[in-house]
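Dear colleague,

I am handing over the structure below, and I would be grateful if you could look through it with the notes that follow. They start with the terms and then go from the chain as a whole to its parts.

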Amino acid sequence: MRPRLLASHGDTGCVMTTHRSPSSSFSSHLPSFPNYMIDNNVDLVSLPLSPSIMVSLSPSIMVSLCLCPPFYSSLLLSLSLFLLPLAPSQTIHVAIVCAGYNASRDVVTLVKSVLFHRRNPLHFHIITDSTAQHILASLFQTWMVPAVRVDFYDADELKSEVSWIPNKHYSGIYGLMKLVLTKTLPPDLQKVIVLDTDITFATDIAELWAVFHKFRGQQVLGLVENQSDWYLGNLWKNHRPWPALERGFNTGVILLLLDRLRKLRWEQMWRLTAERELMSMLSTSLADQDIFNAVIKQNPFLVHQLPCFWNVQLSDHTRSEKCYKDVSDLKVIHWNSPKKLRVKNKHVEFFRNLYLTFLEYDGNLLRRELFGCPSETDHNSENLQKTLSELDEDDPCYEFRRERFTVHRTHLYFLHYEYEPTSDHTDVTLVAQLSMDRLQMLEAICKHWEGPISLALYLSDAEAQQFLRYAQGSEVLMARGNVGYHIVYKEGQFYPVNLLRNVAMRQVNTPYMFLSDIDFLPMYGLYEYLRKSVVQLDMANSKKALVVPAFETLRYRLSYPKSKAELLSQLDMGTLFTFRYHVWTKGHAPTNFAKWRTATTPYRVQWEGDFEPYVMVRRDSPEYDRRFVGFGWNKVAHIMELDAQEYEFVVLPNAYMIHMPHAPSFDITKFRSNKQYRVCLKTLKEEFQQNMSRRYGFAALKYMTAENNS
């Protein structure tokens, strides 16, 4: 139920060293930096610093910095001064409730902001539904951030604990699950920081962790006062909020002393309070926050009030501007309005820019080792490093070989996805991959193919946000819930075409998949035609690859043929051509277009060298070979693999697809202009064929012969 994902090796980031003699008094040696903040009870201080600094605080305190690239205009850096015993290697525990596709996307920005500033190991405890766990488990596995551990807890198993509480808040049942953390988290976990997904950090989370040292007596909850008048009950006529201590407290950021809460029988305490208040209130308006406040109203000794800058709330009725005088005061921004970035606030532009910075920040840069803080051993990372170390860096094809083992950060189901399996087990998913320059093809494909689609998009973090805005602004795309968009983040110099195809294939939920490319438009009705072919050709009980003949046009504006007869007419008029007949005849020649013109029933064709048709296969068919990146042999190798596994190639007589014109890709330009690129591709082909011979023996000899004859 709680898979453990251990982070692994990453790139080294900023290096910071701090030296302080045990006897030095920090306060007396502070230089006259503007707007600095210092608390002798806390082990950290935040100073607004210039982009390049060597700071000497005193003969006994020396701080040297190698700064990361600045990320917003008023960059704040935290200098660890070890005033309290928070060791650099002490793990900070963070709990988050995250459910659904949108929350899974939001939580990434929160995590980025925490990782950017942190200097301690982190252990995330994430309470998720099955959707969020699938997405986030893949994301953290492929992110491979050192000194980060992630455990997941099944939210569905916790629903019965809170489902009896009526809740009007937009967070639904998941907005109540922070109430049961004492029961959910490991019994030996003593304290944890609890965060909403709409939080952005502007400082090191270790500063907040250090506040636990300030708890006194029976204080077990660290909370910031609510920054609106909600609990005062004067927002509108007959407004009747839950009971709260004065303004009440906001639960977007909570410090929980779990061991003490368990001793106080927290479970019984909040349940009794909720049952009593619900008799008159009937439901909660602000989910768990209402119940936390009702408990605190009765037991004010439980709460330690945090300074307001630990939860600057940007709600509709916020008074948060009273909390700060300067941006350097800010620690945590909380977008706790349903309007999120569209909320009204006189400083909203600054807050929005801070948020957008992390939203579009390159997450690969956060794969940095912590200085002086060894990561836990991760065997996957060790094996990867061992494999990479065995590669010859002097090999002219080193970069090609390295790309095969590169772990690309992957965010599955970037947008909401809905799919209902069909009862007849004939459903087919269209599989394709694309980069930003092919985005304009999405709407057209959705109009031509009504069935499920699985797409892998190769984007940077910033491009992913551009794609999100594009998709959300498209009526065509938003009307389709059965399209899975999977972001594979850019890294390295090659376009990892076969990795992208594999990512999209792995997320197919149907028994069959049509392996296409993004610049092809399938004929209208192809989806239903393929489903009928599944039954007609007994696909469930045979190994077949159904070939969809490929054509192309050189016209950007094409009257798409609505039937085979119309297509043949356009073919005769020169409006259409068989695909790549003039530059790569061998790729589709075995389809036998002359026979297809008059065919009325499916017909079998034999594999030939360099054959690369577009096919429909069962979901359990082999994946693409990752050694082929960019341009060249990426589909050829896959079709060869299908043939080696004794798939029959059957051409469908009434199916077709048309390639739409576009500018040449960067990779085909490199192939044409770079001799070494072509040499390396030839080397990879030979190695692939040798590998085929080892796996398939005598039967694979024909692949070597075909290559020698070509």
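Contact, as used here, means heavy atoms within 4.5 Å. Helices (H or I, at least four residues) and strands (E, at least two) are DSSP runs, numbered from the N terminus. The model is a predicted one, in which local features need pLDDT of at least 70 and side-chain atom pairs count only at pLDDT 80 or more, while totals for chains, interfaces and linings use all residues. Residues are numbered from 1 along each chain as its sequence is written, and side-chain values use heavy atoms, with hydrogens and water left out.

The chain as a whole

The chain holds 22 helices and 29 strands. Of its 710 residues, 58% count as buried, that is, under 20% relative accessible area, with exposed meaning over 50% and partly exposed in between (1.4 Å probe, protein chains only). Among the contacts in the chain with a separation of 6 or more, 80% are made by residues 24 or more positions apart.

The sheet of nine strands

An open sheet of 9 strands has the order β17-β20-β19-β18-β21-β27-β23-β28-β26, and its pairing is mixed; two strands pair if DSSP finds at least two bridges between them. The edges are taken by β17 (410–411) and β26 (603–605), each with a single partner strand, so one side of each has no neighbour in the sheet. β17 pairs with β20 (residues 483–489) in the antiparallel sense over 2 bridges, and His411 has Ile487 in β20 as its bridge partner.

Further along the sheet, β18 (residues 428–435) and β19 pair in the parallel sense over 6 bridges, with Gln433 opposite Ala456 in β19. Because 7 of the 7 residues of β19 (residues 453–459) are buried, this strand is largely enclosed by the rest of the structure. On one side of β19 the buried residues are Ile453, Leu455, Leu457 and Leu459, and on the other they are Ser454, Ala456 and Tyr458.

Helix α16 (residues 526–536) has Leu526, Tyr527, Tyr529, Leu530, Arg531, Ser533 and Val534 as its buried residues, and these pack against β18, β21 (512–515), β22 (520–522), β23 (544–548) and β27 (614–618). After α16 comes Asp538, whose phi is positive, near 55°.

The nonpolar cores

A nonpolar core is a set of buried Ala, Val, Leu, Ile, Met, Phe, Trp, Tyr and Cys residues joined through side-chain atoms within 4.5 Å. In the largest one, which has 113 residues, Leu455, Phe467 and Phe514 touch the most other members. Leaving aside neighbours within four places in sequence, the residues in contact with Leu455 include Ala432, Leu434, Val483, Tyr485 and Ile518. Another core, of 103 residues, lies apart from it, with Ala95, Ile205, Val295 and Cys323 among its members.

β11 and β16 (residues 332–334) run antiparallel and are joined by 3 bridges, and Thr200 has Ile333 in β16 as its bridge partner.

With kind regards
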